[in-house]
Amino acid sequence: MKLLNRSALSVRPTRHFVEWINALEPTVGDDDLTLGDVERESTVYLIPEMDTPEALEAFVRERYLEILETELRAWEEDERQWPETLDWALFQRFLQFEHSYLAIDLDDEAALEISEVDDSLLMDVDQD
């Protein structure tokens with residue numbers, strides 16, 4: 001076990017985000033995604049260690065646009081299909097987040113690898 005010098009931010013879509021996803025490709029009947037379908041689709045972001053709620057809120061408000069764009073891109077690459085205004089209010093309406101003070105790596109065998117996030121990496125994850 002390895003203690004990472006990071007905190008973690010888990011981000012999950014809200015009902016409003018799911019409605020946006022469903023509006024991208026309208027379907028008939030039971031083919032629409034539900035909140036239950038996408039709740040498993042959370043993303044975990046490793047962030048600097050945060051020890052107060054105020055520090056966490058300041059950090060998230062500073063980085064919300066980057067997080068929001070990553071979450072939108074995971075569902076729709078064409079930015080023309082995204083909501084017109086990407087602001088703090090949309091972030092709060094589309095995403096909920098949970099903070100974990102500690103991040104622990106339970107994999108004793110594989111070393112941590114670092115790579116830059118790009119669209120092709122997101123697409124590879126989506127296809128698995």
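This is a predicted model: local features need pLDDT of at least 70, side-chain atom pairs count only at pLDDT 80 or more; totals for chains, interfaces and linings use all residues.

Met1 lies in the segment before β1 (2-4). Its relative accessible area is 68%, and the cut-off for exposed is over 50%, so Met1 counts as exposed.

Helix α3 covers residues 53-75 and has a kink of about 60°, centred on Arg63. The buried residues of α3 are Leu56, Phe59, Val60, Tyr64, Ile67, Leu68, Glu71, Leu72 and Arg73.

The aromatic side chains come next. In the whole structure, a search finds seven aromatic pairs. One of them is Trp20 with Phe94: the ring centres are 6.2 Å apart and the planes stand at 45°, so this pair is tilted. It links distant parts of the chain, since Trp20 belongs to helix α1 (residues 15-24) and Phe94 to helix α4 (residues 88-94), 74 residues apart. Trp20 is buried, with a relative accessible area of 11%, and Phe94 is buried at 3%.

A further pair is made by Tyr64 and Phe91, whose ring centres are 6.1 Å apart. Their planes are at 70°, and the pair is therefore edge-to-face. This pair also links distant parts of the chain, with Tyr64 in helix α3 and Phe91 in helix α4, 27 residues apart. Tyr64 has 18% relative accessibility and counts as buried, because the limit is under 20%. Phe91 counts as buried at 1%. Tyr64 and Phe91 belong to one aromatic cluster with Trp88 and Phe97.

Conventions
Residues are numbered from 1 along each chain as its sequence is written. Side-chain values use heavy atoms; hydrogens and water are left out. Helices (H or I, at least four residues) and strands (E, at least two) are DSSP runs, numbered from the N terminus. Buried means under 20% relative accessible area, exposed over 50%, partly exposed in between (1.4 Å probe, protein chains only). The bend at a residue is the angle between axes fitted to the seven residues ending there and the seven starting there. Rings of Phe, Tyr and Trp (its six-membered ring) pair if their centres lie within 6.5 Å; planes under 30 degrees apart count as stacked, over 60 as edge-to-face and the rest as tilted.
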